[in-house]
Structures are given as structure tokens and as C-alpha cells.
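Please read the following points against the sequence and the model.

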Amino acid sequence: MQRYLKQASFLLAMFVIANSASARDIYVAKTGNDSSDGTLGSPYLTLSKAAEQAVAGDVVNIREGVYEEVLAPVNSGAENNPIVFQSYDNEKVIISAMQAVNNWSLDSENIYVTQIDWDLGQANFVMQGNTAMDLARWPDNIDGDPFTQNSLRNTGGSGSDEADNAYLEYSPGIPDGDWSKGGSIYFYGDKPGSGWTTWRSFITANTDTSVSFSLNKNPAWIRTFHAPADKGDFFLQGIKEALDYQNEWYFDPETKKLYVQLPNGEMPTENQVSVRKREKTIDLSARNYIQIKNLAVFGGSIEITNGASNNHIYGVTSLYGNYTLGVVTGFASGNQSINIRSDWDKFNTKNNIIENSEVGFGSGTGIYDSGENTQILNSYLHDFNYLGNYDAIINARGGNNTKVLNNTITRAGRDAIQGFNDNSEYAYNDISHSNLIADDCGLFYTVGGPSNTVIHHNWLHDAYSSGTKSKAAGIYLDNDASGFEVHHNVIWNTEWSSIQINWNGKDINIYNNTMLNSSGVMGAWHLEGTAFSDVNVWNNLADNNAWEPQSDKQNNLVVSLTNGPFIDVEKSDFRLKANSLPVDEGRIIDDITTDVTDGKPDVGAYEIAGDQANWVAGISWESKLGPTGLGCYGLPGEDCQLPSDVEPTVEFSQNQTVDEGATAIVTVTLSELAANYPVTIPYIVSGTASSNDHDAVNGEFVINSGTEASINISLKQDDILNEVENIIITMGNPTNAIVGDNDVHTITITDKTPPPVIPTEPTPSQPDPDSSGGGSAGGLLLFLACCLFIRKHKMF
């Protein structure tokens, strides 16, 4: 048996060696030919040809240009021998789902028309230049922002019990036209106790003052809590008669004619208008061990489905990967820019990684994940869910063991993250600006459990609802949430609770969080008959005392936001000042206060002397230079710039004078964005002050993005009266920058110890009545005080 095993192992090793030896570089270029041999000198023309030829171990190098096709590998890679598709030598590659359309003619007044030969239904999407156009609508989207609905308030309509013959009334009247010819309605109902979602339906009939439609939705609460009779905001879209404003379009599915109106009524120029022709840009369905690196996709999704596993998306810019009208029966659109999806009755999609990428702009979800062991790492994810329903920037539902780490996640119509996958981790993310359309939701949202999920070391901030309900939360553990550990998060500027828990909250630990500037630190909806169990609230720091009554509360503190213990509130630097109230006031919590070096935990999210005293959240690369660091692709929506040709200079902030017992902040600043990150600046500590006076040691500043970095130096307070002392920070030789003029920083320490009080000796005219011939006690005290003074000042 052992002999056969050895033979099998040998044959397997020979196969791997042979496969590696046969691995090759394949080249694709816009000047190539699919009949060529795919070499650098004779490249293929299409991605499809390269995807057909590539086998395990091959590297497909794509030359600069726009490829209007779907990248769909025919073969899978293998462990240690993936198939790699990448841009060649830092060239800029775009895979586009869009198709330029031309041959325009005047239809009427400011409207132009052309013929196209495809129709993607609700996924039809039109761009003109850098502007995403609106499907013809009433009233018009006058500000062009998809998150501002520019809607009207209805005057009446059907009640919550009407599913099949629902209607909405608007007594001032609606525009003429047959709205049943492709027209649809958007509605956001915001009666008290609702406002969680929007809905859309196709119009079946209309009068001068009303439209009719079906509201047979699943779940029923989409209708019952957001019924037209309870009033809300609405707009109509989808018929040609509504095409009356700039940057609107209409498509006639019967004639396949596209109509547009541009600013100033101008006729479209050559290639100015493009239309989505494919819904996908990359299709990894049922493929394994594929790597996609350092390129851009536009207008279509990346599909990682049907059991696709061990794939890696790295350095990819994905913009407008999904766009849909959004008429569905459920609470989410089913559209996403990156689709990681399992079918648990047939297969698991597992071990896929999205890393160091930008995913932005879409009416649905950014990244949908129902996979196993998915990792979403160090990526910039933004501007999703223009529909205002239960789509989210990250929608993790139906999977498990998800890791969402070190991402910057911002601007969502409802929640920024919906975290429903079990046994997951969300850490070191910078999450902001949820609730741009819907309400009663938050930056992080989930329901139920037990989840066994950890949410830690995140920044969650600036969540404000668009309406008047003011129900934008930081972390929202909704109905019957259980099995969550929430620790070391900073939550600020949320108009509702920093942490909201509803119904039967169970087995939830809220440890060492800093929660500021909200309507309440913790909020809860205790539905009749529900109660919390095993909810622990320990070591938390806040600016009000609205802690949850149904919890075990230990070592929590309330401080002032404006004159409190924080380094710099205006700059959102919530690290603690030396000797401030929260320092050493926490309790030890197993597996939580693990970075404490002095055995005395601080209260709040930052441990002043901890191993992670200066932890930060968000991406570690500069978003304005893009995931590759090479700047823009020239795509709509990009907010970036080309890297500089020269290295920036780096200088210290101005010298400073700081009181003993306070905290000194030392900042380094780049003259401009760096061409390459991280920028590392070493420094050496010297000066007349010793380690007994401060905690500064030799180290380095690290700038992962932007132009600034800082360190905190705690100045120790004692009862020894010192002469003026200083700390000198001297800059070493940086990487990816050069030293500027101000390369030395001096901190002058102001001594706060009061001088000794020296007693005075009685004058000869008034002799001490207790004195004796041997001298006076006052004289002896004076002598001893003088000796002590001289010794402290090292005068001998």
C-alpha cells in the first residue's frame, strides 16, 4: 500500500512540475489578432480568445485600452497555479459593459433619437459623458443627485389591506400620458413607526389625479407599513411624455428607439452617449483559482457564483457595476456590482477575496456575499442603493465566516453594511453616511441570531436621515439580535442611538466603545413581552448617560465632548489625553483588554499605553490615486488625480510649549500626495528631558494615505520643581519622500510644580518667646528648606 501511495505522490508531483513548466505568458492588445500566437510581439485581439486558451499557471497580460466584452475564463486554475488576468506593465485597462451609440436625429424640440438593437429591460442604463442619465421622470431630478429624490407628497391612496388594486392620489394632478405604457411609481412612506424602505411598482392605469398598480409585495410589511393612504413621497417615471428635462432618457421597447435630452437641448456628439449592452464585465461562474489584478471594469458586474472558489480580485476599480429600475416584489433589487453567491442546495462559493479595490456607484448593492469564508479587505466602497430599499454597500446574507477588514465604506441609501452572515468579523473599517434615503436603519445593521459575530475597532460616524424621523443609528442590532460582541469602536455624529438594540436582545457584549454626539448612547425598543438577557455594557465612554437599563453596566464613564479627555475632537481624534479621567478607570475583560501594558485598562476605544494606542480605520492607500496608485482611468465618477512625478517634501509642525502632565501632538505633513505609499519617516528622540518626564521613544511616522501623520507624547507630572526642559524630535531619512526645511521639532515642557514655601525667621526686635540660647527652631527650618531647594536644583 505504501508503495502505491509513493507512486501516486510521485506522479502528482510530476504533474505539477509539468504543468508549471508549460505555464506561459499570454498577451492581449487592441492591435492584436485572435489568429496570432498570443505572444508579446503577436498578441490576441480579444479577452475571449485569451480566456479560452489560458490554463492553470498561465498569466494573461492585457495591454492598454477599452475592451467591450465579458471576461469569462473557460478553465480554472489550481492551488499554487492560478490563472492570472492582469494589466500589462501598469498600463490602464478597462473592461466595459457599455456601448457608444450614434446616428442621432432630431425627434422634437430638444429631444434626439437613435436606433439600437438590444434591450436589457430594467437594467437599461444610459450615460452621456461623465453623467449618469435619469429615466424620464416627473417631477424632474433637478439637482442630479440620485440620493435626493426630488419627490412630491401624495394627497391620498389605498390602505394597508389593498394589495392588488392599490392606487395613489395627487389632487393637483399628474402630467398627461398613458402611464400604463411602461410607467412606474416610486414611493417612500414615512408614517410614525415606518420609513424602513421604499417600494416601486409598474403602473397599470391612471386618471388625471391618480395612478393604479399592484402592491402584492413579499414580505407584506413593505405594503402594510408603507401604504399610500398613510402619505409619503413619490415620483413617476418611464414614459416619453415625461422626457422634458436635461440628462433624461426614454427607451421604447417596441421600436427599440432611444430618446435623450441633453443640457441646453444640444445634439449628442460622436460617442458622447453610451448604453449598457451587457450586464456583466467579468464572469467567474463555477471557476476556481482565478486572479484579476490591476484593471478597471465599468457598467457591469463581477460574478463569482455557482461554486466559484479561491478567486482573488485585487487592485480593481469597478464603477456603475449595477443599475436597475428596481421594480421587484421583495425588499431588495437582486442587483449588485460584485456578486458572491452560493446555492446551498447545490454548491458552496467559498474562499474568495476582494482586496485593495474601489467599488462605487449603483442603484443596488455594492458587494453581495452569501459565500463561505469571503474576505473583503482594504477597499474603498461607496455610493450604493439609490433605490432606498434593503440593498446596501455590503450585503452579507446567507453565508458565513465573512471578514470585512480595513475598508472605507460611505454613502448609502439605507444601511452601509448589512451583516447577517454568522461567525463573521467586521474590524478596522471607516463607515459613514448611511440613511441618505430611508430611515430606521444605520451604518451597521443586522437582525436575529445567534450570530457569533465580532464588530471591533471601527469608526462609525456621520449618519443623518434625509427626512424628519431622525432615526439613523450607528450599530443597529434589530429584532432579537443575539450573539454579538461589539468592542473598541468609535461612534460619533449619529442623530439616533450610537447603538440600538430591539426586542429580545441576548448574549450581547458592548465593551470599550467611545460613543459621542448622538441623541442617546444606547437605545432600545422593548416590544411588549420582550426583554434583554445577558447584555453587558462595560468600559464604555460617552458624552451622555443614556445607558440601556436592561443591561449589566460596569465601569462606564460620561465626559464632556467639548472640554473632555480627547486629543482633538474637531479632527475626530478620539485618543485620550494623558492623565485624563478615563485613563486606568476600566476593568479587565478577558480577550478584550488584551493590549493593556500596565494592567490598568482605560475606558473607551483607545488604550493610551496599549499595543494599539494609535489604531486607525479605513483603507491604507490613497483613494485619490486609485487602487493601483496610478491615478484615474478617465471613467465617470472618478475622484482622483495622477501621481506626482517628484517625491513630496515632509516637514514637522511648528515647535510647541506644553504643560507638564498634558499630551503633546507632533505632526508631519507632506507638501503634496505621494507618488508611492506608505511614506515612512523615522525619528530620533533627544533633549534635556528624560524618560522620567515623558514616554517618547525612537520610532517612525507612517502615512498610508493623504498628507499627514501624528504621534502623541504623554508628559508625566511629578512634584519635583525642574528647570525648563525640552524634547527634541529629529527627522531621519524618509522613504517615498524627501526631508524639507523643518526637520527638527522641539517641545518645551512647562513645569507645573509649585515652588517650596520658605518660612521666615522672626526679626531681632521681636524675639521668639520659645527660643533658647542654643538657637531657634525657625532658623533650623530655614536651613533645611534651603538645603532641599539647593539639592532639587542640583546646585552642588
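1. Among contacts (heavy atoms within 4.5 Å) in the protein chain between residues at least 6 apart in sequence, 66% join residues at least 24 apart. The model is predicted: local features need pLDDT of at least 70, side-chain atom pairs count only at pLDDT 80 or more, and totals for chains, interfaces and linings use all residues. Residues are numbered from 1 along each chain as its sequence is written, and side-chain values use heavy atoms, with hydrogens and water left out.

2. The protein chain has four helices and 63 strands; these are DSSP runs, of H or I and at least four residues for helices, of E and at least two for strands, numbered from the N terminus. The C-alpha trace spans about 125 × 70 × 70 Å along its principal axes. Of the 796 residues, 54% count as buried, where buried means under 20% relative accessible area, exposed over 50%, and partly exposed in between, with a 1.4 Å probe and protein chains only.

3. The accessible surface of the protein chain is about 33,600 Å², and carbon and sulfur atoms account for 48% of that area. Areas come from the Shrake-Rupley method with a 1.4 Å probe; for residues, only the protein chains shown count as cover. The chain carries 46 positive and 99 negative charges, whose mean positions are 7 Å apart. Lys and Arg count as positive, Asp and Glu as negative, while His and the chain ends are not counted; the place of a charge is NZ of Lys, CZ of Arg, CG of Asp or CD of Glu.

4. Two strands pair if DSSP finds at least two bridges between them. Within this sheet, β8 (residues 111-115) and β21 (residues 257-261) run antiparallel and are joined by four bridges, with Q115 opposite K257 in β21.

5. Strand β34 (residues 380-384) has five of its five residues buried. Parallel pairing links β34 to β31 (residues 358-362) over four bridges, and G360 stands opposite H382 in β34. Four bridges also join β34 to β37 (residues 408-412), again in parallel; here Y380 is opposite T408 in β37.

6. Strand β57 (residues 663-670) is mostly covered, with six of its eight residues buried. Its pairing with β55 (residues 649-652) is antiparallel, through three bridges, and L670 in β57 is the bridge partner of V650. Seven bridges join β57 to β60 (residues 708-714), also antiparallel, with A664 partnered by I713 in β60.

7. The loop between β12 (137-138) and β13 (152-153) contains D140 and P139. The peptide bond joining W138 and P139 is cis, with omega about -5°. D140 is buried yet has no salt bridge; R137, the nearest side chain of opposite charge, is 5.9 Å away. A salt bridge here is a side-chain nitrogen of Lys or Arg within 4 Å of a carboxyl oxygen of Asp or Glu. Leaving aside neighbours within four places in sequence, D140 contacts N150, A242, D244, Y245 and E248.

8. P219 is in the loop between β18 (210-213) and α3 (221-224).

9. A438 lies in the loop between β40 (430-432) and β41 (441-447). A438 counts as buried because its relative accessibility is 0%. Not counting residues up to four places away in sequence, A438 touches Y188, G195, W196, T197, G388, G413 and R414.

10. L557 is in strand β52 (residues 557-558). Beyond four places in sequence, the contacts of L557 include W547, L581, P582 and V603.

11. Phi of N310 is near 60°, positive in a residue other than glycine; N310 sits in the loop between β26 (301-304) and β27 (312-314). Phi of N373 is near 65°, likewise positive, and N373 is in the loop between β32 (365-369) and β33 (375-377). N310 counts as partly exposed because its relative accessibility is 26%, and N373 is partly exposed with a relative accessible area of 28%.
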